[in-house]
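Okay, thanks for coming, everyone. I'd like to walk through some side-chain pairs today, so let me put the structure up.

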Amino acid sequence: MQKQISRRDFLRGTAAGALGVAVSGVLGGGAVTALAYDYDGSAPITDVEGATISYLATNSWYSTVDMNKADVVIAVAENAGVTVDWNLIDPTTYTDTVSPMLAAGTDLADIIYLPDLDENQTYINSGMFEPLDEHWDQMPNFKAYLDENPSIQASLTAQDGHIYYVPVVGLPDNYLPCLMYQTQWLEQLGIEAPDTLDGFVEMLRAFKENDMNGDGDASDEIPMSIMSDFLPQMFGWAFGMDLNSGFYADDDGVVHYGYYEAENYKAYLTFLNGLYEEGLLEMEFTSLTRDQITERFVNNMTGVTFDFSWQMSQLYSTQFEDYNADEGGIVVGVPPLSGDYPGYYSGTEAVKGIFGVNKNASDLELALRFIDYAMSEECQTMYAWGIEDLSYTVDEDGNYAYTEQAINDNNWLQQVGINPPNLPYHNDAAATDVLLPTWHVEIDKELATYSHAPWPFIYATEEEAEEIQMYLTDIETYVAEMHVKFITGTESLDNFGQYLSSLKSMGIEELLSIKQGQYDRYSGA
């Protein structure tokens, strides 16, 4: 691990490195400074006094935080030995503000945070951004990261084989949406948490038929409270389908659309229709909100939900007066349900955002070096923990811990600059773990082993983008409508064959052919 940045070093800044001579040249339309200074991935990135780059990105989502003044953001620039001209825009208006600027293509910053993932390669095809893979000698940190993460490298590889963007990376396997049980109800019934569909149904029936909250009324319990958008994630894998992504590839690399699977999707719908008819899936499931579910836990009225893992300790368990974080959770995450197929939880796409380097940057080489240094382990440590001796400490065994103020004052921690949205940070599970009770962290580590990779992010060609747009919106609208109708019985499952025929006439097989081509290209990359 590289040397940690101390508060003292942060305030003092870093001195420039070895002496060098700047030689001007031109590459890719932008001015290039071919520095004699040998950049090796660590700070500083130049020895030229007064080196400056411009940077366009989002500001913090916290209205009380200005990333221009964040300790981490200041430290990254000072350590790099450059002055950064930050143009940080409110994230709620970023897309509307920046998209016209990109469309015009003039007077743009050296480094730009994209308003989307450029899935259709609009900005790539415009020639606006420099192909980064042509500069690996100036980007050792980024190259090493891609070598260690081939799936991310494949996602970032454009159709022409080049890599144009540096990513913001999330946690693909940790703190995912998961199934949660009310453990006190399980203890009352003397049963173990079920992990199969059959056992799950039996548990729901027991919750429904018994006075679980002990108020003398056996009819006011609601066995399961779930927001409708989570239903496909909750049950799809038990029937062999990724209904969260919709599209998925089997072990042989053949692409499927879960909602077009004749046998498995019908079995899934039949199961949910059975729950609905039996009153185990409530009539109002399409309109249920998280606030309503929380209120039910407050009143001890429900036994099952499905939500982001974060909520089990940070929202739901805390609704119970007898909750003690040191003794364990009350509403806790459990392994996914299995049916004829093993259960999984749907992982998330790792790439959450992207930064590009303007081909016409005022100093292209300096911009390349800065975004590369921003990917370094040294910077990632600051993104996750802040500034050493200010927001975190490291003990003699190398263990990291937030300071008491960092733990107790989230607004202050955000002002330090944790996970800065204007820099290519990677979410860090360890830095998240320390904010949560031990029982929650232990459960998350177990549940992460059930994570299944989602459909990957893949760039579309112009032709693919046009065809996908032509088919997908209408198909997804129809699928969502029929999903509810089949579950509630307003559309008989006897008409399932007609549903499949309708999808075929709407172009699902043409869409599958496009997705197969994209997946083959991704696999090759």
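So, what do I call an aromatic pair? Rings of Phe, Tyr and Trp, with the six-membered ring for Trp, pair up if their centres lie within 6.5 Å, and planes over 60 degrees apart make the pair edge-to-face. Keep in mind that this is a predicted model. By that rule we get 40 aromatic pairs. Take Phe-239 and Tyr-268: their centres are 6.0 Å apart with 85° between the planes, so edge-to-face. Phe-239 is in the loop between helix 9 and strand 9, while Tyr-268 belongs to helix 10, so this pair ties together parts 29 residues apart in sequence. Buried or exposed, this Phe-239? Buried, at 11% relative accessible area. Tyr-268 is buried too, at 0%.

While we're on rings, have a look at Phe-247: the charged end of Lys-515 sits over that ring, 5.1 Å from its centre.

Okay, on to salt bridges. How many turn up in a search of the whole structure? The count is 10. One of them joins Arg-296 to Glu-282, with the closest N and O atoms 2.7 Å apart. Arg-296 is in helix 11 and Glu-282 in the loop between helix 10 and helix 11, so the bridge ties together parts 14 residues apart in sequence. Arg-296 is buried at 13% relative accessibility, and Glu-282 is buried at 11%. What else does Glu-282 touch, leaving aside neighbours within four places in sequence? Its contacts include Ile-222, Met-224, Ser-225 and Tyr-276.

Next, Arg-369 and Glu-365. Their closest N and O atoms are 3.1 Å apart. Both residues lie in helix 13, four residues apart, which is about one turn of the helix. Arg-369 and Glu-365 are both buried.

Then there's Asp-433 with Lys-445, at 2.6 Å between the closest N and O atoms. Here Asp-433 comes from helix 17 and Lys-445 from helix 18, so the pair links parts 12 residues apart in sequence. Asp-433 is buried, at 13%, whereas Lys-445 is partly exposed, at 37%.

There's a network as well: Glu-202, Arg-205 and Glu-278 are linked by salt bridges.

Last stop, Val-394, over in strand 15. With 29% relative accessibility, Val-394 counts as partly exposed. Which residues does Val-394 touch, not counting those up to four places away in sequence? Glu-388, Asn-399 and Tyr-400.

That's my tour, thanks.

Definitions and conventions:
Residues numbered from 1 in each chain as written. Predicted model: local features only at pLDDT ≥ 70, side-chain atom pairs only at ≥ 80, totals over all residues. Heavy atoms only, no water. Phe/Tyr/Trp six-rings, centres within 6.5 Å; stacked < 30°, edge-to-face > 60°. Helix = DSSP H or I, 4+ residues; strand = E, 2+ residues; numbered from the N terminus. Buried < 20%, exposed > 50% of the residue type's maximum accessible area, 1.4 Å probe, protein only. Lys NZ or Arg CZ within 6 Å of the ring centre and 35° of its normal. Contact = heavy atoms within 4.5 Å. Salt bridge = Lys/Arg side-chain N within 4 Å of Asp/Glu carboxyl O.
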